[in-house]
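Please look over the structure shown below before reading on. The report that follows takes up a few of its regions in turn.

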Amino acid sequence: MQDRLEKIVSLCKRRGFIFPSSEIYGGLAAVYDYGPLGVELKRNVQQRWWEAMVYEHENIVGLDAAILMHPMVWKASGHVDAFNDPLIDDRQSKRRYRADQLIEDYIEKLRAKGETERAEALHRRLIEALNAEDMPKALYQIIMDERIPSPDSGAFDWTEVRQFNLMFVTHVGPVASEETKVYLRPETAQGIFVNFHNVKDSSRLQIPFGIAQIGKAFRNEIVARQFIFRMREFEQMEMQYFVKPGTQMEAFEAWKEKRLQWHIENGIRPDHLRFHVHEKLAHYADAAVDIQYLFPMGWQEVEGIHSRTDYDLRRHQEFSGKKMEYFDPQTQERYIPYVVETSAGLDRTILMLLCEAYDEEEVEGETRVVLRLHPRLAPIKVAVLPLVRKDGMPERAQALARDLRPFLNTFYDEKGAIGRRYRRMDEVGTPFCVTIDSQTLEDGTVTVRDRDTMQQERVHETQVLAYIKDRLRQ
Ligand code: ATP
């Protein structure tokens, strides 16, 4: 199944969805650029998320906080002290691994070999180690006891396990010193927490209410791999929902279902999605679940739904000295709200959509590659194609394309055989191809070809916009 991912990576490069960053210099690991079609897909996904979260909920509003924040934010949030990955080095190959990942992969191998009991016992020990006071030491002990070899060299020559902070550091002002140090945010959530009062007071919202944000986050990931699955610069779509303490489980359950539904509405097959309940809860969380997708490399998280209690607001109250309380005008109660968050990776969602949409089928002895993206998410909505470059067809087609452009992302193409032009559009997921042919010159009708069925319908050229808009609503 990995070669399916390779095909998607190659399509993304070839057709202008996603390029490696700074490619002419050899690229920058785990950083990517979105090309002309990628940026359209990304904007469409953002738009869908924003509509579903902000426009469809009268008690959810948006925010766009800065990437750079006061360094105290990250002390309060716990990221300075605890945003760590446990790393271990193979002294022979000099390759670096995440210690917990190394153990997990080893457990998978045991399972594959049918050593289920041993695998389960080790799994329990891993969970214990991850919760241990001295987590690096506990992980190291497992690797020693099990004599887990290095996956690449096969040797058993490990360094000890060390913690590595994932935050990128930069400096404000001309002098680089401890005092001028700031971080690139590793998540968008904290921008929401520190603006809790600003948003609440300016929007006159009453609990329960939510604040939604889409924005960049940065993590110096050690094991960056699998294309845009794990990146060092990525985008998150997060919503923090503030509730009265005691009502968080109700909100948690409701958001779990809503978020799952959102992915299904975007065209993901329900049997390619599942909930994965966290075995290891962060110390501040009282419930957490991941929405996982069946990627070509297996089930992996695309979104987390976390019930974070009052941890974040309480910590900011402690560190800033500002009250983070809410006053309930009805009950006259004062409390620090609890938070349920939905946190999705935008890039990971895009990878999921591409994996789900990519299809190959045999048509008349040839392989047709088609991206079956939901029409609302497709980068190009309609291609306008004159059948031949004569008899006034190009002019007629250009006029139609001009009429459609203000409303739909429209692509005009007159070069090459019509079959090839259709295939190029199939490959990038364009749901509709409109062709101007000799009949158009007689009666003003054009053909509208459906990407998935390849069936064509005749529609009057003045009706094309209404027809497509109607189909996009379905
Ligand atoms: P993981 O376990 O994969 O590192 P996480 O549990 O740390 O992820 P969160 O901090 O909950 O992730 O972030 C929420 C979402 O942000 C994730 O579900 C994922 O979609 C996305 N995300 C997190 N890290 C990355 C990354 N390095 N690259 C791309 N997307 C990411």
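## A residue of strand 10

Which residues does Phe 242 touch, not counting residues up to four places away in sequence? In this predicted model, with that exclusion applied, the residues touched by Phe 242 are Ile 207, Pro 208, Phe 209, Pro 337 and Val 339.

Phe 242 itself belongs to strand 10, and Phe 242 counts as buried because 26 other C-beta atoms lie within 10 Å, where the cut-off for a buried residue is 20 or more. Lys 181 and Phe 242 are separated by 61 residues in sequence and, C-alpha to C-alpha, by 31 Å in space.

## The shell around the ligand

The ligand is surrounded by 16 residues, of which the closest are Phe 234, Gly 304, Ser 343, Gly 345 and Arg 348. Two or more residues of this shell come from each of strand 10 (233-243), strand 13 (298-309), strand 16 (338-345) and helix 12 (346-357).

Of these contributions, that of strand 13 is the most, with 4 residues. Sorted by class, the shell around the ligand holds 8 charged residues, together with 4 polar and 4 nonpolar ones.

## Helix 6 against helix 7

Helix 6 (residues 116-131) packs with helix 7 (residues 135-146) at an angle of about 155°, and their axes are 8 Å apart. Because angles over 145 degrees count as roughly antiparallel, helix 6 is described as roughly antiparallel to helix 7.

On the side of helix 6, the contact is made by Leu 122, Arg 125, Leu 126, Ala 129 and Leu 130, while helix 7 brings Met 135, Ala 138, Leu 139, Ile 142 and Glu 146. By class, 8 nonpolar and 2 charged residues take part in the contact of helix 6 with helix 7, and no polar ones.

## The two sides of helix 14

Which residues of helix 14 are buried? In this helix, which spans residues 418-427, they are Arg 421, Met 425 and Asp 426, and these lie on the same side of helix 14 because they cover an arc of only 140° around the axis. On the other side of helix 14, by contrast, Gly 419 and Arg 420 are exposed.

The buried residues of helix 14 are covered by elements including strand 18 (366-371), strand 19 (382-386) and strand 21 (432-436). Just after helix 14 comes Gly 429, which adopts a positive phi of about 85°.

Methods: Residues numbered from 1 in each chain as written. Predicted model: local features only at pLDDT ≥ 70, side-chain atom pairs only at ≥ 80, totals over all residues. Near = placed C-beta within 6 Å. Nonpolar A, V, L, I, M, F, W, Y, C, P; charged D, E, K, R; others polar. Buried ≥ 20, exposed ≤ 12 C-beta atoms within 10 Å, placed from the backbone. Arc of directions from axis to C-beta. Contact = placed C-beta atoms within 7 Å. Axes fitted to C-alpha atoms, helices over the stretch in contact; angles between N-to-C directions. Parallel < 35°, antiparallel > 145°, perpendicular 65-115°, else oblique.
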